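Reader: I'd like to learn how to read this structure. Could you walk me through it?

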Amino acid sequence: MVMHGTDLAIRAEGLRKRYGDRHALDRLDLNVPTGTVHGLLGPNGAGKTTAVRILTTLLRFDAGRAEVAGYDVARQPEQVRYRIGLVGQYAAVDEILSGRQNLAMFGRLYHLPGRVADRRADELLHRFGLADSADKPVGRYSGGMRRRLDLAAGLILAPAVLFLDEPTTGLDPRGRNEVWAAVRALVGAGTTVLLTTQYLDEADQLADRISVVDAGRIVADGTPDALKSRLGGDRIDVVLHRVDDLPEAATLLGRITDGPVVRDDDNRRVSAPVADRIGTLTALVRGLDERGVAAENIVLRRPTLDEVFLHLTDADRESDERDREVAR
Ligand SMILES: Nc1ncnc2c1ncn2[C@@H]1O[C@H](COP(=O)(O)OP(=O)(O)O)[C@@H](O)[C@H]1O
Ligand SMILES: [Mg+2]
């Protein structure tokens, strides 16, 4: 079925994919409005690549339905392919060829006339800050440069929907920043992007909305800020002088906050979410004092994205969680 007039670039409903008796996708739903960046965020093995391969027509699925750019992925795969770009987890570029030669080669693979392919290659090299290195063999590019070349290759045909599967995995911080800048630039040009990542800060930086995926299904969905505030606002950290004081401090923190209290013995630290910042801080200082427990540092802070992620994906791993938690 063709969905004319839809403002969803990607729409997936109840997608299932099984390998043997293992569900790689277990009724996955996804809605991505046109012109937005959507982050599909989840740990290794969550099903991100499986979802991308299905949506890009490279993999058959067992149940559910999916439309990309208004076309049914299962029934109109060629229409879908015509409108998408895919940048995979692993580079597809040739190391011996230069950046320019690689892009020109992709252009010819897509049947662009030679001169059009060359012009497109030049345009993309400029856009991704690779013009100065255009004629160097790709084998001599840095990680960040190579990934930007991957992005450029995915954009040869100016796709309506671009799929980026873990575009910065394995890059150093500088390379990640370069790729982030490149993604922002192409989003400014109106491309819809589905980006998979294991990194919360990456989704936070790039995505308008995030779907958190775990074990083949969406466990949470929303803007980065909404997801962060679901953890209950700020957190308080207490770093102690003596590791022996940890149980006492954890009990106290459990009493004056809504918990759960997370105990980190290696760093002599206990931590909990707080609603009432100043009230909690006051009660904490007084309580520690009464118990003769010396604190080295007390910090009120925003939750890290890792804490949000743990909170969201831990529902089915409660025994692990219990190991880390003490008094509530
Ligand atoms: N070709 C395959 N054969 C069997 N199992 C697979 C295959 N591809 C993926 N899986 C399994 O499906 C699950 C999801 O994998 P994947 O989509 O690659 O996750 P992610 O990209 O989030 O790391 C994993 O448990 C993985 O082991
Ligand atoms: Mg993957």
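Reader: Which residues are around ligand 1?

Author: A residue belongs there if one of its heavy atoms lies within 4 Å of the molecule. The residues around ligand 1 are Tyr19, Arg22, Ala24, Pro43, Asn44, Gly45, Ala46, Gly47, Lys48, Thr49 and Thr50. Before we go on: this is a predicted model, where local features need pLDDT of at least 70 and side-chain atom pairs count only at pLDDT 80 or more, while totals for chains, interfaces and linings use all residues. Residues are numbered from 1 along each chain as its sequence is written, chains are lettered from A and ligands numbered from 1 in the order in which they are written, and side-chain values use heavy atoms, with hydrogens and water left out.

Reader: Which helix gives the largest share of the shell around ligand 1?

Author: Helices (H or I, at least four residues) and strands (E, at least two) are DSSP runs, numbered from the N terminus. Here H1 gives the largest share, 3 residues. Strand S2 (22-33) and helix H1 (48-55) each supply at least two residues of that shell.

Reader: What polar contacts does ligand 1 have with Arg22, Gly45 and Thr50?

Author: A polar contact is a pair of N or O atoms within 3.5 Å; within protein, one must be able to donate a hydrogen and the other to accept it, and residues adjacent in sequence count only if both atoms are side-chain atoms. For Arg22, a polar side-chain atom sits 2.8 Å from an oxygen atom of ligand 1. Gly45 uses a backbone N or O atom, 2.7 Å from a ligand oxygen. With Thr50, a side-chain N or O atom is 2.6 Å from an oxygen of ligand 1.

Reader: Why does Arg148 count as buried?

Author: Buried means under 20% relative accessible area, exposed over 50%, and partly exposed in between (1.4 Å probe, protein chains only). Arg148 counts as buried because its relative accessibility is 10%. You'll find Arg148 in helix H5 (residues 143-154). Contact means heavy atoms within 4.5 Å; leaving aside neighbours within four places in sequence, Arg148 touches Phe128, Gly129, Leu130, Glu178, Val179 and Ala182.

Reader: Which residues of helix H9 are buried?

Author: A handy idea first: an α-helix has 3.6 residues a turn, so residues three or four places apart point the same way. In H9 (residues 246-256), the buried ones are Leu246, Ala249, Ala250, Leu252, Leu253 and Gly254. They pack against strands S11 (235-240), S12 (262-264) and S13 (269-273), and helix H10 (277-291).
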